[in-house]
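Dear colleague,

I am handing over the structure below, together with an account of what was found in it. Please read the two side by side.

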Amino acid sequence: MAQVVGIDHLTIRVSDLAASKEFYNKVLGFLGFTLEWEFDSIAGWNNGLTMFWIGEADEKGKKHPHRVGNIGFHHYAFELGARGDVDELYGFLVSEGVKIVDPPADYPDYGEGYYAVFFLDPDGLKLEGMYFLEKVKKLAARSGGVRR
């Protein structure tokens, strides 16, 4: 039986490739990604575990800006290694003038120790930096105390 071992990549469409590339290069660079691939209307960053791609929307697509509630992309969460990393990301985002949807906060309804910041890219696509203690504990229990 085939088994998924991880998410290899995500590709999103953007309205202005140059502006989005500048935004993602800063944010993803801060998060440990490196711009690895560039073609005419697409760019991809890699952190050694997953890739994040942006591609410019076509003219028809640019006539329909992103709207929360539409079918499709809702948000993308970057799992961070520690609670303090969420605060560090938030400080970086504020220093870069990134639009913050929700500053760092606890979300106990999501599970034990869920802590996150939510922010927007230039097209209003929602992104999240999060740490989830409950997930860390479960992974450690499954692997005999060592987090993968």
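Asp-106 stands opposite Tyr-115 of strand 7, in a predicted model where local features need pLDDT of at least 70 and side-chain atom pairs count only at pLDDT 80 or more, while totals for chains, interfaces and linings use all residues. Residues are numbered from 1 along each chain as its sequence is written, and side-chain values use heavy atoms, with hydrogens and water left out.

Strand 7 (residues 114-120) pairs with strand 6 in the antiparallel sense over four bridges; here two strands pair if DSSP finds at least two bridges between them, and the elements are DSSP runs numbered from the N terminus, helices being H or I of at least four residues and strands E of at least two. Both strands belong to an open sheet of four strands with mixed pairing, in the order 5-8-7-6. Strand 5 (75-79) and strand 6 (100-106) are at the edges with a single partner strand each, so one side of each has no neighbour in the sheet. On average, neighbouring strands of this sheet are turned by 20° against each other, direction ignored (axes are lines fitted to C-alpha atoms, for helices over the stretch in contact, and angles run from 0 to 180 degrees between N-to-C directions).

Helix 3 (residues 83-95) lies across strand 6, strand 7 and strand 8 (126-132), and runs at about 20° to strand 7. Helix 4 (residues 133-142) also packs on the sheet, where it touches strand 5 and strand 8, its direction making about 55° with that of strand 8.

Elsewhere, strand 1 (residues 9-14) runs parallel to strand 4 (residues 51-56), and six bridges join them, with Met-51 in strand 4 as the bridge partner of His-9. The side chains of a regular strand alternate between the two faces of the sheet; in strand 1, Leu-10, Ile-12 and Val-14 form the covered face, whereas His-9, Thr-11 and Arg-13 form the uncovered one.

For the protein chain as a whole, the secondary structure comes to four helices and eight strands, which run β-α-β-β-β-α-β-α-β-β-β-α from the N terminus on. The radius of gyration, taken over C-alpha atoms, is 16 Å, close to the 15 Å that the globule rule (2.2 Å times the number of residues to the power 0.38) gives for 148 residues, so the chain is as compact as a globular protein of that length. Of these 148 residues, 34% count as buried, that is, under 20% relative accessible area with a 1.4 Å probe, protein chains only.

Terms used:
Contact = heavy atoms within 4.5 Å. Buried < 20%, exposed > 50% of the residue type's maximum accessible area, 1.4 Å probe, protein only.
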